[in-house]
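Here is a short briefing on one residue and one chain contact. Look at the structure first, then read the points below.

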Amino acid sequence: MTAWLDALRDHVREFLSEPGVDVFIGYRAGRRGREVPAFLTRPEQASGLVLGPAASGALAKYVLEEAAGTTGRLGVLARGCEALSLQRLVRDLRVERERLHVVGVPCAGVADLAKLEASLGALEKVESCGERWLVTAGGNRHDVDPSQFMEERCRDCASPWPQQCNISFGQAVMSPASPDYSTVAALEALPADERYAFWIRQFERCLRCFACRQVCPACSCVECSLDLVDPPWLGREITVPAQAMFHYTRALHVAGRCVDCGQCQKVCPVGIPVALLNRKLARDIQELFDVQNPFVPGEIEPLGKFRAEDREEFM
Amino acid sequence: MSVGEQSWKPTIVAFCCNWCSYAGADLAGTSRLQYPATVRIIRVPCSGRVNPQFIVRAFQRGADGVLVAGCHPGDCHYSTGNYYARRRFLLATRFLEYLGIEPGRLWVRWISGSEGHKFATVIKEMSAALERLGPNVKLREGAL
Amino acid sequence: MATPAYKIDAGRLPAVLDDLARHRQVITRMDRDGVNVFARYTGDMPSLRGNGAVSAREHFLPRMEKIHGYQLAPGEVRLSPAGPVEPAVLFGARPCDLAALELLDRVLLEGEFLDTAYQARRAATVNMALACDSAGPGCFCRSVGVSPAGTAGSDVILYPSGQALLAVATTARGAELLESLGLPGAAKDEVDRAQDACEQLVVPVAVETGPVTARLGQRLDDPYWAEASRRCLGCGICTYICPTCYCFAVHDINRGSQGARVRCWDSCMFKDFLTMAGGHNPRPTRKERFRQRFLHKLQYYPEQYGSPLCVGCGRCLDKCPAGLDMAGVIMDLGGGQ
Amino acid sequence: MKRVGVFLCWCGSNIAATVDVPALAEYAAKLPNVVYVEQNKYTCSEPGQEQIRKAIAEHRLNRVVVAACSPRMHETTFRRTLASASLNPYLLEMANVREHCSWVHQDRAEATAKARALVRRAVAKVQLARPLFQSSIPVNRRALVIGGGIAGIQAALDIADSGHKVVLVEREPTIGGRMAQLDKTFPTLDCSSCILTPKMVDAAQHENIQLWTYSEVEEVGGYVGNFQVKIRRRATSINASACTGCGACWEKCPAKTGNEFDLGLGQRKAIYVPFPQAVPNKPVIDRDLCIYFKTGRCRICQRFCTAGAVEFEQQDVVVEETFGAIVAATGFEQFDHAVYGEYGYGKHPDVITGLHLERLISASGPSDGKVKRPSNGAVPETVVFVQCVGSRDEAKGVSYCSRACCMYTAKHAIMLHEKIPGVSTFVFYIDVRAAGKGYEEFYARAQELGAQYVRGRVARVYQRGDKLVVMGEDTLLGAKVQVEADLVVLATAMTARHDAQSLARTLGISYDQNGFFTEAHPKLRPVETNTAGIFLAGACQGPKDIPDTVAQGTAAAAKVNNLFAKENLLAEPTVATVNEAWCSGCLWCKPTCPYRAIDSKTISQRQVGKILTRQVATVNAGLCQGCGACTVACRTGAMNLLGFSNEQILAEVDAICP
């Protein structure tokens, strides 16, 4: 089924036997059909590695904690967005590329587990099989069409295949798509008041749990300005204007650095379409500053440089 | 500052760079050019110092409009600050609109130290535009 | 004398809610862009399937609550009280969320220190619980002593019966409220059938907290905490969606010469939760913070009050991005498979 | 505890006529931490300032707000007032209630309401003001001049004459640069060598100037007052102190190549001085050409050198030196007009550039000053000049005007008419730009002597027999023009040195889209760069003629002398500063700094029993000019700007809005 999995496990086993290796970050089977982040330190643990559509896709950020105060090498399993996320951390000088051993694997899309559970019952296992998914749920095996149950962000993924890896296994399952900005455009087409009402309705739900930030590979600051009491960038008050400031700030802080992994939106417990903010900025950056692919980390971020002949609207 | 419906005048918070736009506003003063008492200036060294978060902060605290003013591109006292400002605000103006703020609430203008007249004109035009838009309620903090 | 039972036909629900809303605010569950939230009823149909993304506790412990206002004048500070608490009906919260209130009551209303704001909201709110006739994928209420038809914390319990709701009062004020609504009665066997269906409901997840609580005392430096917390992202989802979390922080919101003192939700999962002036943090890493949350739920609270601080609503099972949830931790620690 | 004093100026009636100052005073007294309010008729007057000093002492004020005119007018005044009252001058904030209020509004109520907001802002900001101190940087009074053309020579001489040491670095074997290649200079027609050579000799002999020819700057570190520069001194293979410059070596040397100085029109040897007046007048060995270096055999020069000065074993030496200031004077290159294939350059030997003609006219040139057709050595009877080859042509060349070509073409025409009786000259031009002292007259003289100016571009040059046919258009007559010429001279554009960008990066200065170094301000700081302590002279900043180049050389020297007049530099304290605990070390601030003031450094932090070593940003306060662009690039706000801090601006917004 996933023919490369054994090869991957062998490779990781070898990697963990090498001197100076601290950890390999991958996935292992969790309960209820989940695949959860796993931190392997011993070669024999490699046989527990798994990778299916149930794996969340948010491994990159763990590198920060794992690398702090240690000096060894860190292996990381990476699909397309995870590889971009790692590049992001490297570009932001949060981890040295030399310390990372990036192991690329193909992506078959990340499953929206809640949606699968809602239609198929309690999950036991989600596997990818060619272009289909095999889902074991409620005691039965189902052959499902991934496009029905894939996370929204995966449907127009521009980079399903991991780039800049040390080694990779398997072959691409999904082909790259171009980002679909139609939702952004639809929002833009609304009258200002309706657009405002839309966003306020989203922000009202915000709990300020900071999950969107915690999971974001572009949010790797040692201290987040939004946590600081002084200066009071974001007041402590939990009001709708303050939530709006929070989301405005978060989006602008990742503008030009977002890798479009979509994790911010995926983890939001109250369904705020956070990525719709990022997408708007990315599209504008692409258009305004002629950035080829706004999601691939570059040498200097688009807001950290300029051209004298940039568009002039402020005369 | 609303003194009742009829006499409502907008409040504009203006971030002016010290070398050009603030000087331009000074020149408007020394030339005794009259413009509405709607604008209140915060002096910054350069338009490149203006963080887009300051803009939302002003709307939160009751500004009806925000003006960011700097040297003309190419004339920055620090040579490049306004180029960064231009990129930041090309993006931020669009982003604020995306969040539902009316297009006329945030203005960015290049006003040189010799353009006292332009400063006065921008304030007149902006005040008139904001009067048409009415008081800003979006993103505005209510009473505590 | 048997408690009278009433029937609310699906078509009648808006009228009942309008009736309720006439003298008090009605808080119920609404659909907002596909997300189920507790919100004030303003005439739109509620969405009573499933459960709220965030628990009903936010009605009693709001995300932000004014303690008092203040005004600075030369030489003095004038305080102004927070506004009065509005009478309310909480319509359609699940038994787990309401059972959580009883757990919170022990902390906030018993003993030397009284949370007066919470007390006022509890007193001003009539809770109309909605019993469960189906379970969510993460539900494990039965493992922590809560039943899908449980009445703890409620004044009225609503049993789904076909498209209708059958209402039975569980407290005197619940009875008084139901009586005032002029609803038609419900047949006893229909109520029994509906109640039975809820009471017999099988919930998908089962754990055993007893042995875990007994053993936690010896496991403070267990390597489990370090290993498990490695995958914690450090966000506050679990604490903010949880019906039994109640941590808060007090802030002064300053606006020139006036302002307000407010209390806002806070999360023990946040780094700054315990950071003190001068920078010291007794829980410096995710390990300590993660451990604290589970020890609080599974050891400290049970030691003090006799039951775990969890009602098995299953929200953390659904929402934790790292798959680090209450049921999972209990199982990891030996409480079931 | 903050104790704010507010001083409200009436400015006679300038403010008081429009703003109700007494009401404003009453209002100000109620603002947080304001403990003293006073009104003055003229706060800036000596009695007014004395009142501030008195109030600071009597009321133990530790913050001062002056609501008066523009801070651009009197901030310095009141800062001094504070300093004289032993209060840190940066604990002052001004509210501009004159230029921004009383002078631009008439309605008293509205103006007073606005003045309240302005004072509220100032009071809010000053609460968060911190005492700031000017930092002082010692100045190493030694200058580096890069480039030994007339700009660099002039700058070096002017600096040296002021008593400061100068190192003049030139990559060619001699100084002199482009001007040494010229025959005469416009508009006076004095001999270029006659006016340049004495300066070259002066530079070589000046006690304060060290002349390092055949050398190049490799690395520049440090900052104003303290640049650390690595200079590669290439091996000349000649012991300069032993060499007498007799010339026996280059006469005997068997290896020949085209002489670059004569643009290939003449020849030089492997061991050579570029031209007879070279300074220093000592040869170098071109190791790429030298037979000994290629084959290991020959050594003829060594045999003929009676002084024993030939040293084949010499090696390049890289020296590291410290300088307080640097002048870049690296000059220009000629536009590569090969793109104008229709002009036949390279195909027809009689199509040459203006600089070629200089060498042909020059008495010390390859033809001993006789203008001859390169093809057959005949004296040309008809000469066509084509202007703007490359200049003002965005499609094929550069968009700018090269400034000197109109005049040197006029010069060439005049000189040809003087040298070759009966010669016909035609000048194809777009516009004639003669905006300089004596330039228009000079252009008129060329016309008087018979130069025929044709307004229009040349379409094509082709050979017919031994003549060149120049096809063009006279746009004034609207007619096609065809001239049979013996010689065609192209006025090629001046362009930046091909490696100017790499030097700019080494120096940390900026360059424009054409590769010319960018001045700090096009009008007000024409010879400064955005990197403090680095100055520009001559055509490396943009095309120029000799008078402008010399003026800039002197101007750059004046700036250097200005810098060297102080033992220590006092830097404004309103600079960026890093909160290391917050800084993630992502260094996205770095590219936004026009002054290269941001760098990284390693810090060690104790965290939960572990020692964390990490990178954080650090600001060189001597280089930072306080623009604050970096502060916005910093997401955390770890990068902050003293005097305009995030806290202060947020407080200002909060205070000014309601």
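D:Gly147 counts as buried because its relative accessibility is 9%, where buried means under 20% relative accessible area, exposed over 50% and partly exposed in between (1.4 Å probe, protein chains only). This is a predicted model: local features need pLDDT of at least 70, side-chain atom pairs count only at pLDDT 80 or more, and totals for chains, interfaces and linings use all residues. Residues are numbered from 1 along each chain as its sequence is written, and chains are lettered from A in the order in which they are written.

**Around D:Gly147**

- D:Gly147 sits in the loop between strand 6 (142-146) and helix 6 (150-161) of chain D. Helices (H or I, at least four residues) and strands (E, at least two) are DSSP runs, numbered from the N terminus.
- Leaving out residues up to four places away in sequence, D:Gly147 touches D:Gly152, D:Leu168, D:Val169, D:Glu170 and D:Ala329. Contact means heavy atoms within 4.5 Å.
- D:Ala329 is 182 residues from D:Gly147 in sequence, but 4.9 Å away in space, C-alpha to C-alpha.

**Chain D against chain C**

- Chain D brings 4 residues to the contact and chain C brings 5 residues.
- The buried area is about 300 Å², with 81% from carbon and sulfur atoms. Buried area is the accessible area (1.4 Å probe) that two parts lose on being put together, summed over both.
- In chain D, the most area is lost to chain C by D:Lys30, D:Pro32 and D:Val608, together 89% of what that side buries.
- Between chain D and chain C there are 0 salt bridges (a side-chain nitrogen of Lys or Arg within 4 Å of a carboxyl oxygen of Asp or Glu).

Note on methods
Heavy atoms only, no water.
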